[in-house]
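This briefing covers a structure with its contacts and metal sites. Please read it alongside the sequence and coordinates shown here.

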Amino acid sequence: MPKDAMAQKRGGWIACPDCDTLHQCGPVKAPHDVKCANCGRTLFTRTENPLDRPLAFALAGLVLFIPANLYPIVTFSFHGVKTDNVLVTGVYRLAEGGFPGVGLLVLLASVLFPALYLMGMTYVLLCSRLRQYPGDFALTLRMTQGLNRWGMIDVYLLACLISFIKLGQLATVLPGPGLYCLGGVLVCTLLASLGFDPDLLWRRFGARSDKAGSWNLLKPKAS
Amino acid sequence: MSNANHKHRALEAGLLTCLECGQISRVAKLPEGSSVRCPACRATLEPRKANMITRTWALVLTGYILYIPANLFPIMTMEMVGNSEKETIFSGVVELFQSGMWAIGLLVFCASITVPLMKLVGLTVLLISVQCGWNWRKRDRTRLYRVIEFIGRWSMLDVFLLSILVAVVNLGGVATIDPEIGMVFFASVVIITMFAAKTFDPRLIWDRAPTQTAS
Ligand SMILES: [Zn+2]
Ligand SMILES: [Zn+2]
């Protein structure tokens, strides 16, 4: 059995990030949610096909991301005049109207962070699958974990829905092809993140490889 | 004092946990002002998030202050065939209610008005409870923290809605929607409360337990 498969089987120690309780957890059979016995936080979710499934969905999401950004999302016609918007039109209009900060925020949350999340996920899953760990693997995995909350395509789609209802009273509003692609991106991102198991990736990378009770001793450096 | 359900906690056992990768390390002795990095992922290891109380308080208070102009100032101007109308976050909700769309109106009301305020009040309660070392309902308070952390992003709803409206309704003199200053305050509240939730360290809720029960 290869070394990383051993690490996967052996549970080892885990400290709950919300309450600091130490848990020793044995081998976990997928699919299984491991929760902190003290505070109830989900420590990790072991899924079936933890590498291939999220990789497939992340790639599909990335492909759909291109038309989602190129095609109009909402088409609006009012007294014979028609306008439509792509994802970044709003960003441009906000910046033009004197609010580049808000525009930047929209750009980050609706375009850049979701894209980086999918790209980071693809990268770390490929690395882990090939058992090749370049120097930036740990940094990319940390970034990917952190971006989970900051990509907000789901919120954006809800805003689209509300804009249909709000504008529907004034004029004819129609969904554009970009909206369907964005919906596809959302579904792919959700399915990918459901199967994504950073705990497993860290273990395969070699983190948490401590034997029970004997942790590596670190010498502090003065900063 | 019964030790029946006493559980071992990492820091009390002299262990530092990496919040990024979960690696547990034993540190010889950590003097003030020194730092160690996680041997697995190179993230900075801290026993608890540094200056967490002060930093979270600063963000929460800023959030309270910005919450007022975010709700007072208009977030957009609607110009429809000649007459222009300014809309605040609250008047947008009222308008949805008046046109009979209760479900959507309620949704926007929750996301834009209730959620940011609930987050600020929730974090205030958590901060005070940690500072006073309250010993009750630790599990529920940790759960409250997780809810605060989870729902924050949905407040971005109004920001996205505005970005769609200004992009689509852009027909010159016929119909135009322009962004207004209130949106800057509102977006700041959303982002600042999200950072405040991230800065808060829920492990402090559990930290004072042994000393409290011992006395
Ligand atoms: Zn816990
Ligand atoms: Zn680490």
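The model is predicted. In it, chain B and chain A bury about 6800 Å² between them. The zinc ion (ligand 1) is coordinated by residues of chain A, and the zinc ion (ligand 2) by residues of chain B.

**Extent of the interface**

- On the side of chain B, 84 residues are in contact with chain A, and 69 residues of chain A take part.
- Of the area of about 6800 Å² buried between the two chains, 69% is on carbon and sulfur atoms.
- Within chain B, the residues that lose the most area to chain A are B:R153, B:F160 and B:V168, which together make up 10% of what that side buries.

**Polar and charged contacts across the interface**

- Between chain B and chain A there are 20 residue pairs in polar contact, counting pairs with both residues at pLDDT 80 or more.
- Helix α5 of chain B, residues 157-168, gives the most to the side of chain B that touches chain A, contributing 11 residues.
- By class, the residues on that side of chain B are 52 nonpolar, 14 polar and 18 charged.
- The interface of chain B and chain A holds 7 salt bridges.
- A salt bridge joins A:R142 to B:E20, with 3.8 Å between the closest N and O atoms.

**Zinc site in chain A (ligand 1)**

- Four SG atoms, from A:C16, A:C19, A:C36 and A:C39, coordinate the zinc ion (ligand 1) at 2.2 to 2.3 Å.
- The arrangement is tetrahedral because the 4 donor atoms around the zinc ion (ligand 1) subtend angles of 104 to 114 degrees.
- Along the chain, the donors of the zinc ion (ligand 1) have the spacing C-x2-C-x16-C-x2-C.
- A:C16, in the loop between β1 (13-15) and β2 (22-24) of chain A, and A:C36, in the loop between β3 (32-35) and β4 (42-46) of chain A, are 20 residues apart, and the pair links distant parts of the chain.

**Zinc site in chain B (ligand 2)**

- The zinc ion (ligand 2) is coordinated at 2.2 to 2.3 Å by the SG atoms of B:C18, B:C21, B:C38 and B:C41.
- The site of the zinc ion (ligand 2) is tetrahedral, with angles of 104 to 115 degrees among its 4 donor atoms.
- The spacing of the donors of the zinc ion (ligand 2) along the chain is C-x2-C-x16-C-x2-C.
- B:C21 is in the loop between β1 (15-17) and β2 (24-27) of chain B, and B:C38 is in the loop between β3 (34-37) and β4 (44-45) of chain B, so this pair ties together parts that are 17 residues apart in sequence.

How values were computed
Residues numbered from 1 in each chain as written. Chains lettered and ligands numbered in written order. Predicted model: local features only at pLDDT ≥ 70, side-chain atom pairs only at ≥ 80, totals over all residues. Heavy atoms only, no water. Contact = heavy atoms within 4.5 Å. Buried area = accessible area lost by both parts, 1.4 Å probe. Salt bridge = Lys/Arg side-chain N within 4 Å of Asp/Glu carboxyl O. Polar contact = N/O pair within 3.5 Å; in protein donor to acceptor, adjacent residues only side chain to side chain. Helix = DSSP H or I, 4+ residues; strand = E, 2+ residues; numbered from the N terminus. Nonpolar A, V, L, I, M, F, W, Y, C, P; charged D, E, K, R; others polar. Donors = N, O, S within 2.8 Å, 3.2 Å for Na, K, Ca; no water. Tetrahedral: all angles 85-135°; square planar, octahedral: opposite > 155°, others 65-115°.
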